[in-house]
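Thank you all for making the time this morning.

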Amino acid sequence: TSKTHVGPRTVPIVTWEQLSDNELLREINSHNWDQWLPISLVSIDHLSLNAYALESRPSMQPRFPIGTFFIIDPDCKPIDGDLILVKIKINNAVSLRELIIDPPSIQLLPIIENSDVLN
């Protein structure tokens, strides 16, 4: 069963470095975490309790100005055009990519100029 919450709420703010720690992400709660971002659910139908906020990197400008927060819901099934977080197996790095589904291919387009497309 998925955990959902109705009404105004907050989500924990995590750093890019903390994303590689799956155990840390699972253990976050109001008693052990200080950084929270209030969000409006006006445009979000069902946001799971596993959702968190991630601040844009300076290299993501101008598309995403400094101070932009992404709301990441790991329980949400991505669809064509979504921005998704991808963990690179080689170095365990995490990258934000745009999902492009054009059957039969699926591509992960870079947010940062001159980065490689992932297939």
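Let me begin with the second largest pocket, which in this predicted model has a volume of about 340 Å³. There are 15 residues lining the second largest pocket, and those closest to its centre are Leu25, Ile28, Leu49, Asn50 and Ala51. Two of the elements, β1 (9-14) and α1 (22-27), each supply at least two residues of that lining. If you sort the lining of this pocket by class, you will find 8 nonpolar, 3 polar and 4 charged residues.

The chain has 1 helix and 7 strands, and when you read along the sequence, the pattern they follow is β-α-β-β-β-β-β-β. The chain has 119 residues, of which 29% count as buried. Taking the contacts in the chain with a separation of 6 or more, 44% are accounted for by residues 24 or more positions apart.

The largest nonpolar core has 14 residues, and the ones with the most contacts inside it are Val14, Trp16, Leu19, Leu54, Met60, Phe70 and Leu96. Strands β3, β4 and β6 each supply at least two residues of this core. A second, separate core has 7 residues, including Val11, Ile13, Ile39 and Leu47.

I would like to stay with Leu96 for a moment. Which residues is Leu96 in contact with, once we leave aside its neighbours within four places in sequence? The list consists of Trp16, Met60, Phe70, Leu83, Ile84, Leu85 and Ile111.

Next, the charged side chains. In general, side chains of opposite charge can pair when their charged atoms come close. How many salt bridges does a search of the whole structure find? The search finds 1, and it is a salt bridge in which the side chains of Glu98 and Arg63 meet, at 3.4 Å from N to O. This pair links distant parts of the chain, since Glu98 sits in strand β6 (residues 94-102) while Arg63 belongs to the loop between β3 (52-55) and β4 (69-72), 35 residues apart. Are these two partners buried or exposed? Glu98 counts as buried because its relative accessibility is 19%, and the cut-off for buried is under 20%. Arg63, with a relative accessibility of 43%, counts as partly exposed, because that value falls between the 20% limit and the 50% above which a residue is called exposed.

The loop between β3 and β4 also holds Pro62, and the peptide bond leading from Gln61 to Pro62 is cis, with omega near 0°. Another cis peptide bond joins Pro103 and Pro104, where omega is about 10°, and Pro104 is found in the loop between β6 and β7 (105-110).

Finally, please look at Asp34, which you will find in the loop between α1 and β2 (36-39). Asp34 has a relative accessibility of 76% and therefore counts as exposed. Along the chain, Asp34 and Pro12 are 22 residues apart, and their C-alpha atoms are separated by 8.0 Å.

That is where I will stop, and I am happy to go back to any part of the model on the screen.

Methods. Residues numbered from 1 in each chain as written. Predicted model: local features only at pLDDT ≥ 70, side-chain atom pairs only at ≥ 80, totals over all residues. Heavy atoms only, no water. Salt bridge = Lys/Arg side-chain N within 4 Å of Asp/Glu carboxyl O. Helix = DSSP H or I, 4+ residues; strand = E, 2+ residues; numbered from the N terminus. Buried < 20%, exposed > 50% of the residue type's maximum accessible area, 1.4 Å probe, protein only. 1 Å grid on protein atoms, 1.4 Å probe; cavity = no way out; pocket = protein on both sides within 12 Å on 5 of 7 lines; lining within 4 Å. Points joined across faces, edges and corners; volume = space filled by probe spheres on them. Nonpolar A, V, L, I, M, F, W, Y, C, P; charged D, E, K, R; others polar. Core = buried A, V, L, I, M, F, W, Y, C linked by side-chain atoms within 4.5 Å. Contact = heavy atoms within 4.5 Å.
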